[in-house]
Structure formats: structure tokens, C-alpha cells
Amino acid sequence: MNASSAIKQYAIVTGNYWAFTLTDGALRMLVVLHFHQLGYSPLEIAALFLFYEIFGIVTNLFGGYLGARIGLNRTMNIGLGLQVIALALLTVPTHWLSVPLVMGAQALSGIAKDLNKMSAKSAIKLLVPGDQQGKLFKWIALLTGSKNALKGVGFFLGGALLALLSFKAAVLAMATALALVWIASVILLKQDLGKAKNKPKFNELFSKSRAINILSAARLFLFGARDIWFVVALPVFLSSQLGWNFWWVGGFLASWVIGYGIVQSFAPRIIGAFSSTKPDSAPAGSAALVWAIILTLVTALMAFAFSTSLPVAQVLIIGLILFGVVFAINSSLHSYLIVSYAKDDGVSLDVGFYYMANAMGRLIGTLLSGYVYQTGGMVACLWTTTVFLIIVCAISLLLPKNHSLAL
């Protein structure tokens, strides 16, 4: 495939990823708020996402293998199709909308989401020469940041749709729009982008790279830490403790995620401003350690502030802003490092393994978010997050100090 053809196909993959991200963010907000409105407890709401995260783990492990064998165009289209089916399952009459059905639909959505993410993140590795790591970092940061900004729009969309329409009508509208995107993708996305020259064997699913294994372990605890207080605890806290309506909850979380995505896009400039190396150079494992330490301190300070007499709403908003900025830089760094560490041939294998660890962290964080909040409240969630981040710092000590040592 020539360069222009590869870029055109990658642009289609990215557009698909963006369209999918809108529905994924909206669906998560719809499910959390709708079932909280029906009287479900935080732990029961967390359980609705159990299969979403479990199947995300499985999908990343096998999806990377599948992408290396059949091409990222096919894994992308499979993911889009599964998301349409998942949304369609939730349009059944209200009295059929049982917990098992919602969990099943979330399982399909989890598979779809990680097929899309793996396809988009793997494809970018093929477009940047190996000696241009600074450029790779910028491209990864832009892709990741724009995706998360759109996910924030999806949060707002979910809250707005639930306020304006019924749950069923909102999901049906999203299913219809994404089905049109899927049809266009099947027609336009034809190149075998990312197909490995040497067909990978089944026993190559698990990474043999020490650097990737260490980074994957750090990623697991990093995203587990975020989701412990963000997935279930935060929207339920805003609604039940602060008395915010659906518009406020959806709008606030949307604004946070959009800002988070913008910071991710500018992460190379932010890191460069605090680095003694050249502005266009790429960061190493040592940068991941430094920013993990900063994130740990921010979270611990926020948890402590919650235990004082300071106004809760102000502490939460200021803390969220600080946490979002520093977490975005951590996430962007990790997203660059995995693509940098991954081998060129069959890149989706390494990326898939890494995002399997990401999904496992999200699963642990989601379950703990419901359980810890229900038993100990928001303060307990924040201190549990702090413990997870201390583990991230300890693991990050083992990351390679420069790019050459990771290969």
C-alpha cells in the first residue's frame, strides 16, 4: 500500500472511531442515569458494566491477533456492526429491559469498543517512520485527545437525550445513525491495513517484551485508579448528594472529558515545557514516572480536602480539573509509549495485549467504584484511587529510561 492510500484508509478508520466514540459515551451515561432513576444501587449499576469490561479484556487479547491476521479494516467493521446490534437490543419494550439483557448488550458493546480502539491505535504505527518518535508522540496525542473530547460530547449527548426523549427513543436514534456509518465503512474501508506479513501463531497472544509487560501493568492500575471514583461513584454522587439533574450531570462530565481530551492533544507541548530535552523529542519511561507521582499527590490532596470542612462542591470541581489535566498527560504518555514499544509487523498484537491490561483495570475500577462508594462514600473511593496510583509509581520505576532500551 502506498503512503497516500494508507493515510486515506487510516482517515476512514479514525472517522469510524470518532463516530463510535460518540455512541459509546452517550450509552454509558444513558445506562448510569436511567438505572439510577429506576432505583438501582451504585453496586447494581456497576454490575451492568461487568460484561462490558470482561469482554473488553478478551477482545483486546484476541482482537490484536485477529487484526494481524485479517487486517484492521475488517476488525473495525466488525466492531461497528456489533455496536449497532448492542444498541438495537436495548430498544426492546421497557418490561423486557432486564439486567441480563442489559449486561448482554454491554458485552457486545465492550467487544465493539475495543475492536475499534485497537484498530485505530495500531494503524497509526504504520504511518510514522521509526526514527521520528517525536512526530509519533504528537500523532498519538492528537488521536487520543480528539477521541476523548468526542467521548465527552457523548456524555453530554446521553444526558441530553435522556432529558428530551425516552431511554428507548434515545438508543434507537443512536443505533440508526451508527448503522449508516457502518454501511459507509463497509463500502469505503477496503485496504488490509495492519495485516502481518508473517501470520502470527496463537501462542504469540501474550507479549514477550519486558517493556510492554511493565507498561501494561502500570496501565492496569492507572485506569483502575481513575474508574474507582469516576465511573459510578461520581455521577451518582453528583445526582444524589449535590442534587444535580441529568442536564447538569451529563453536561459537567462531558465538559470534563472534553477538556481532558484537549489536554491530551497538547500533552507533547506540556511535557516539552517541563523537559530539559529538545521540544520535538519523545519522552521516555522516566517521564511516565514523574507524571504518575504528580497524579498521586493531586489525588491524595483531593481525598484529604474532602475530609475537611471545605465546601464539597468546590473541592470536587477544582479537584476534578487538576486530576483531569494530570491524568490526561499520564494517559497520553502511556498511549505513545505502547505504540513506540510495539513491533512494526503485527503491531496490533502488542497494542491488543496492552489494552487488554487497560480493560482489566477498567473492570476492577468499575466494580470497586460501585462497592467502595456504597460502603464508604466518595472519600473512600479517592483514598482507594490513591493506593492504586502509588502502585503505578512503583511499577513505573521499572520502565526503560530511553526508547532504545525498550526494543
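User: Leaving aside neighbours within four places in sequence, which residues is L234 in contact with?
Analyst: With those neighbours set aside, L234 is in contact with W229, L253, L316, L320 and M378. Please keep in mind that this is a predicted model.

User: Which residues have the most contacts inside the largest nonpolar core?
Analyst: They are W229, L234, L253, L316 and M378, in a core of 124 residues.

User: OK, the whole chain now. How many helices and strands does the secondary structure come to?
Analyst: The chain has 15 helices and 0 strands.

User: What share of the residues is buried?
Analyst: Of the 407 residues in the chain, 58% are buried.

User: And what about contacts between residues at least 6 apart in sequence: what percentage join residues at least 24 apart?
Analyst: The figure is 88% of those contacts.

User: Rings next. How many aromatic pairs are there?
Analyst: The count is 14 aromatic pairs. One of them is formed by F230 and W256, with ring centres 4.6 Å apart and 35° between the planes, and this pair is tilted.

User: Why does the pair of F230 and W256 tie together separate parts of the sequence?
Analyst: F230 belongs to helix α8 (residues 210-230) and W256 to helix α10 (residues 246-265), so the pair joins parts that are 26 residues apart in sequence.

User: Are F230 and W256 buried or exposed?
Analyst: Both F230 and W256 are buried.

User: What kind of aromatic pair do F237 and F306 form?
Analyst: F237 and F306 form an edge-to-face pair, at 6.2 Å centre to centre with 65° between the planes. F237 lies in helix α9 (residues 233-240) and F306 in helix α12 (residues 285-306), so their pair ties together parts 69 residues apart in sequence.

User: Why do F237 and F306 count as buried?
Analyst: Buried means under 20% relative accessible area. F237 has 8% relative accessibility, so F237 counts as buried. F306 has 12%, so F306 counts as buried too.

User: Which residues do ring pairs link into a cluster?
Analyst: The cluster consists of F223, W229, F230, W256, Y260, F323 and F327.

User: Back to α8 for a moment. Why is α8 described as largely enclosed?
Analyst: Of its 21 residues, 17 are buried, so α8 is largely enclosed by the rest of the structure. Its end C-alpha atoms are 30 Å apart, which agrees with the 30 Å that its 21 residues should span.

User: What does V312 touch, not counting residues up to four places away in sequence?
Analyst: V312 touches F237, L242 and F306. V312 lies in helix α13 (residues 312-341). The C-alpha atoms of V312 and L242 are separated by 8.8 Å, although these residues are 70 residues apart along the chain.

User: How does V312 count at 35% relative accessibility?
Analyst: V312 counts as partly exposed.

User: Changing topic: how many disulfides does the structure hold?
Analyst: It holds 0 disulfides.

User: Last one. Which residue lies over the face of Y52?
Analyst: R28 does, at 4.9 Å from the ring centre of Y52.

How values were computed
Residues are numbered from 1 along each chain as its sequence is written. This is a predicted model: local features need pLDDT of at least 70, side-chain atom pairs count only at pLDDT 80 or more; totals for chains, interfaces and linings use all residues. Side-chain values use heavy atoms; hydrogens and water are left out. Rings of Phe, Tyr and Trp (its six-membered ring) pair if their centres lie within 6.5 Å; planes under 30 degrees apart count as stacked, over 60 as edge-to-face and the rest as tilted. Helices (H or I, at least four residues) and strands (E, at least two) are DSSP runs, numbered from the N terminus. Buried means under 20% relative accessible area, exposed over 50%, partly exposed in between (1.4 Å probe, protein chains only). A charge sits over a ring if NZ of Lys or CZ of Arg is within 6 Å of the ring centre and within 35 degrees of the ring normal. A nonpolar core is a set of buried Ala, Val, Leu, Ile, Met, Phe, Trp, Tyr and Cys residues joined through side-chain atoms within 4.5 Å. Contact means heavy atoms within 4.5 Å. A disulfide is a pair of cysteine sulfur atoms within 2.5 Å. The expected span of a helix is 1.5 Å times one less than its number of residues.
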